[in-house]
Amino acid sequence: VRKREVVAPYLFDVRLHDGRPVPVKVREVIRANGPTVRLDLGKQAD
Amino acid sequence: MYRYDEFDAAFVRERADQFRGQVARRLSGELTEDEFKPLRLMNGLYLQLHSYMLRIAIPYGTLSARQVRKLGAIERKYDRGYGHFTTRQNLQLHWVQLPQVPDILHELAEVEMHCIQTSGNCVRNVTSDQFAGASAEELEDPRILSEIVRQWSSLHPEFSFLPRKFKIAVTASPHDRAAIMIHDIGIAIVKNAAGEIGYRVYVGGGLGRSPFLAQEVGSFVAREDILAFLEAILRVYNEAGRRDNIHKARVKILVHQIGIEDMRRRVEKEFEEIRKTGVLGLPADEMARIAAYFAPPAFESLPDTSPELERAIRENADFANWVKTNVHAHKEPGYAIATISLKPIGGTPGDCSSDQMDAIADLMDIFGQAEIRVTHEQNLVMPHMRKKDLYALWQKLVPLELATANYGLITDIIACPGLDYCDLANARSIPIAQAIAKRFSDLDRQHDLGELKIKISGCINACGHHHVGHIGILGVDRKGVENYQILLGGSGAEDASLGEILGPGFDDRGIVDAVEKLIGTYTSLRQNGERFLDTYRRVGAAPFKEQLYAR
């Protein structure tokens, strides 16, 4: 936040998948990946 | 349409400059997010799930070809090649980068556009009837008053920090296409027994967590008094509206708590005080000056029937279907109003790509449309089409995927951006709209079902107007899983009503089957010519519940 790389962080629930934390709720899954109706956009497209 | 004067142009440019400085201070770390937030919100800049979102004001939904082209260019240059038209006739860009926003504001200023008052606790974009100036049933062009209200409410020093946001809509037709009854203030332009034009004013409508229909606060406000009357309402609200609880801060809650009689009394008292000063009288010459901006185009003298149109209808069934739903009567012989659907089957309601924007601007030039309209139902309207040109227009719309023949039908669904984009949402809206549209894509079936308005919101804030859908769908979070509640019997039109929740919700797959069951119930019960809404109002919720929840 101080480096201004992250805005408005908050805590959310995760579970471990292959040893890596992944979001539990749809909101954070979509935030992490991108819109489910545009798979060409967001981090999922990188 | 209204054109900026020197003051308007200079002000909007200066505002963009000012925001450039604010963004620079934020990027340098001089401002924290908390300090920056109220500044960005003054310029319609929200922080959403993936990025910042910029909401661009489109006053009363009217755009010139130059503006459409500019919006397309901005979508391409600064966003991801598309924009989303909203239920308040605005355009949202969902992927803007903060450092580029000042440049976007400057580019918007070049075409007399901005994002001022598209957020914050102020008077928001004034909305109106998309058929304004074209409909035979209207008393006058409602955009004249809309523009006067826009000018009065822009940067109004007394009303820049209201208890909560404030939305105004204006209509001049008995058929309400502007949803005035769900606005903080709804204005109907009416004629009295003496034949004088005036305003019937409603107050306290709104959806969200606590939905209310507006109630009449002024039965006939004279032309010259309308600004004084609106000022009186805003003053009463500004003073008495609750500021202690954001969920109780809208004027609808004030009206509900004190009652419409007390509200009328307070407004009348304030109105008399303001009127005594004479400051807010609306001079006839000023009204005429604004009206001149909305002078109708020079219509050709044409026969009302067009052999070209009639022949095309006979020879092309797809075109005939489009005419049946998307073309409406115009006040001038030989002309028609054409609705361009932004609801392709399986598409995102209200989305318009930059390529489509460019093409639409070209079509406006080709077919002599000085302006296009954005509808609160997330479609576009060519207001003054020659009937003989309709087939040529349709042929050009088909390859652009803008010729879906579904205006007012079951697949013409309002949907908010929902959890795919919005930070406030609890559930996705767009995939539900897409799945329902695909399920009911058969056009013959859609026509058979007739007018049927499905409206979907991804949270209780109700940007998708679910309370006033014939079938309303509300997405909620049920223990971390998306769940969809059904409301039936709402209407945002002249027969306005609020829908009622039918029962327990459904998951994202079950909701489509549930809609299918509702439709089946309707078709089994409907009588001659009844719409879904008519049948529901006649038989009530019981038979629908029975079919939906039968074990």
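This is a predicted model: local features need pLDDT of at least 70, side-chain atom pairs count only at pLDDT 80 or more; totals for chains, interfaces and linings use all residues.
In which hand of crossing does helix H1(B) pass helix H2(B)? H1(B) passes H2(B) in a left-handed crossing.

Let me describe this pair of helices. Helix H1 of chain B comprises residues 6-28, and the axes of H1(B) and H2(B) come within 10 Å and cross at roughly 165 degrees. Because angles over 145 degrees count as roughly antiparallel, H1(B) is roughly antiparallel to H2(B). Which residues meet in this contact? From H1(B) there are Phe19(B), Gln22(B), Val23(B) and Arg26(B). They meet Glu33(B), Phe36(B), Leu39(B) and Arg40(B) in H2(B).

Chain B contains an open sheet of five strands with antiparallel pairing, in the order E1-E2-E5-E4-E13. Its edge strands are E1 (45-47) and E13 (351-353) of chain B, each of which pairs on one side only. On average, and with direction ignored, neighbouring strands of this sheet are turned by 30 degrees against each other.

Where does helix H2 of chain B, residues 33-41, pack? H2(B) packs on the sheet, where it touches E1 and E2 of chain B. The direction of H2(B) makes about 135 degrees with that of E1(B).

Most residues other than glycine have a negative phi. What is the phi of Tyr60(B)? For Tyr60(B), phi is positive, near 40 degrees. Tyr60(B) lies in the loop between strand E2 (52-56) and strand E3 (62-64) of chain B. Is Tyr60(B) buried or exposed? Tyr60(B) counts as buried because its relative accessibility is 5%, and the cut-off for buried is under 20%.

The second residue is His465(B), with a positive phi near 55 degrees. Its place is the loop between strand E17 (454-457) and strand E18 (471-478) of chain B. With a relative accessible area of 9%, His465(B) is buried.

Notes:
Residues are numbered from 1 along each chain as its sequence is written. Chains are lettered from A and ligands numbered from 1 in the order in which they are written. Side-chain values use heavy atoms; hydrogens and water are left out. Helices (H or I, at least four residues) and strands (E, at least two) are DSSP runs, numbered from the N terminus. Buried means under 20% relative accessible area, exposed over 50%, partly exposed in between (1.4 Å probe, protein chains only). Two strands pair if DSSP finds at least two bridges between them. Axes are lines fitted to C-alpha atoms, for helices over the stretch in contact, and angles run from 0 to 180 degrees between N-to-C directions. Contact means heavy atoms within 4.5 Å. Angles under 35 degrees count as roughly parallel, over 145 as roughly antiparallel, 65 to 115 as roughly perpendicular and the rest as oblique. A crossing is left-handed if the near helix is turned anticlockwise from the far one by less than a right angle, and right-handed if clockwise.
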